[in-house]
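I opened this notebook to record what I looked up in one structure. The entries follow the order in which I consulted it.

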Amino acid sequence: MSGDRPSIAGKLKDLMAGRRGRSHTSRSLSESVDALPDGHPSLSHAAIAKIANGSQSNPTVGTLLALCEALGVPPAHLLPHEAYDDLEALEAFENPLARYVLALLNGLPESELAGVIKDLERRRAHVGLEQVPPRAAVTPPSKRRRRRKPDDAARYAAESLEGL
């Protein structure tokens with residue numbers, strides 16, 4: 001995973017800091033998880049603190065589901081993948097009609113998608129909704145070059161030169 005993308009710990013800390021409404025300490029989040037309806041695991045404040053500080057980087061699915069339900073966010077948001085970093089998009093995806101719109105958009109050429117985007121921006125303005133700022137996802141991500149450690153780079157260069 002890239003160092004500039006948020007980890008589970010980073011996302012959890014951000015959510016606990018109140019950027020989504022109520023702020024939480026590990027103790028208050030533990031109490032919120034315990035207050036959920038039956039079927040969720042109980043989480044101690046120490047377990048939550050370990051996840052938030054990164055010392056527990058592989059929580060169970062049940063733990064992630066409980067944390068997300070207590071925080072009021074889609075469970076996918078805590079997964080460490082760039083597709084799940086955009087919380088607003090994940091929340092929109094929970095709407096079945098929004099998923100249907102995405103299915104309709106899938107496969108359209110770029111020029112058609114640009115037209116749909118312009119039309120949706122006009123419609124949002126017409127009904128008085130706030131405009132959605134463009135996201136980095138609008139442009140395809142560039143391929144990141146793999147960074148080698150100096151020893152690995154030297155070994156790779158030597159092996160490459162042997163074939164010349």
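Entry 1. I began with helix H2 and listed its buried residues: Ser26, Ser28, Leu29, Ser30, Ser32 and Val33. I note here that the model is a predicted one. I then looked up what covers these buried residues, and found that the cover includes H1, helix H3 (45-53) and H4.

Entry 2. I turned to the pairing of H2 with H4. Residues Leu29, Ser32 and Val33 of H2 are in contact with Ala66, Leu67, Ala70 and Leu71 of H4. Sorted by class, this contact comprises six nonpolar residues, one polar residue and no charged residues. I next asked how the two helices are oriented. The axes of H2 and H4 (residues 61-71) come within 9 Å and cross at roughly 100 degrees. Angles of 65 to 115 degrees count as roughly perpendicular, and H2 and H4 are therefore roughly perpendicular to each other.

Entry 3. I looked up the residue His24. His24 lies in the loop that runs between helix H1 (8-16) and helix H2 (26-34). Is His24 buried or exposed? The cut-off for buried is under 20% relative accessible area; His24 has 11% relative accessibility and so counts as buried. Its side chain makes a polar contact of 3.2 Å with the side chain of Ser28, and Ser28 is itself among the buried residues of H2. Leaving aside residues up to four places away in sequence, I found that His24 touches Met16, Leu29, Ser32 and Leu71. Of these, Leu29 and Ser32 in H2 and Leu71 in H4 also take part in the contact between H2 and H4.

Entry 4. I examined H1 against H3. From H1, Ile8, Ala9, Leu12, Lys13 and Met16 meet Ile48, Ile51, Ala52 and Asn53 of H3. By class, I recorded seven nonpolar residues, one polar and one charged in this contact. The axes of H1 and H3 come within 6 Å, with a crossing angle of roughly 115 degrees. Met16, listed in this contact, is also one of the residues that His24 touches.

Entry 5. I counted eight helices and zero strands, in the order α-α-α-α-α-α-α-α along the sequence. The protein chain has 164 residues, of which 20% count as buried. Among contacts between residues at least 6 apart in sequence, 48% join residues at least 24 apart.

Terms used: Residues are numbered from 1 along each chain as its sequence is written. This is a predicted model: local features need pLDDT of at least 70, side-chain atom pairs count only at pLDDT 80 or more; totals for chains, interfaces and linings use all residues. Side-chain values use heavy atoms; hydrogens and water are left out. Helices (H or I, at least four residues) and strands (E, at least two) are DSSP runs, numbered from the N terminus. Buried means under 20% relative accessible area, exposed over 50%, partly exposed in between (1.4 Å probe, protein chains only). A polar contact is a pair of N or O atoms within 3.5 Å; within protein, one must be able to donate a hydrogen and the other to accept it, and residues adjacent in sequence count only if both atoms are side-chain atoms. Contact means heavy atoms within 4.5 Å. Axes are lines fitted to C-alpha atoms, for helices over the stretch in contact, and angles run from 0 to 180 degrees between N-to-C directions. Angles under 35 degrees count as roughly parallel, over 145 as roughly antiparallel, 65 to 115 as roughly perpendicular and the rest as oblique. Ala, Val, Leu, Ile, Met, Phe, Trp, Tyr, Cys and Pro count as nonpolar, Asp, Glu, Lys and Arg as charged, and the others, Gly among them, as polar.
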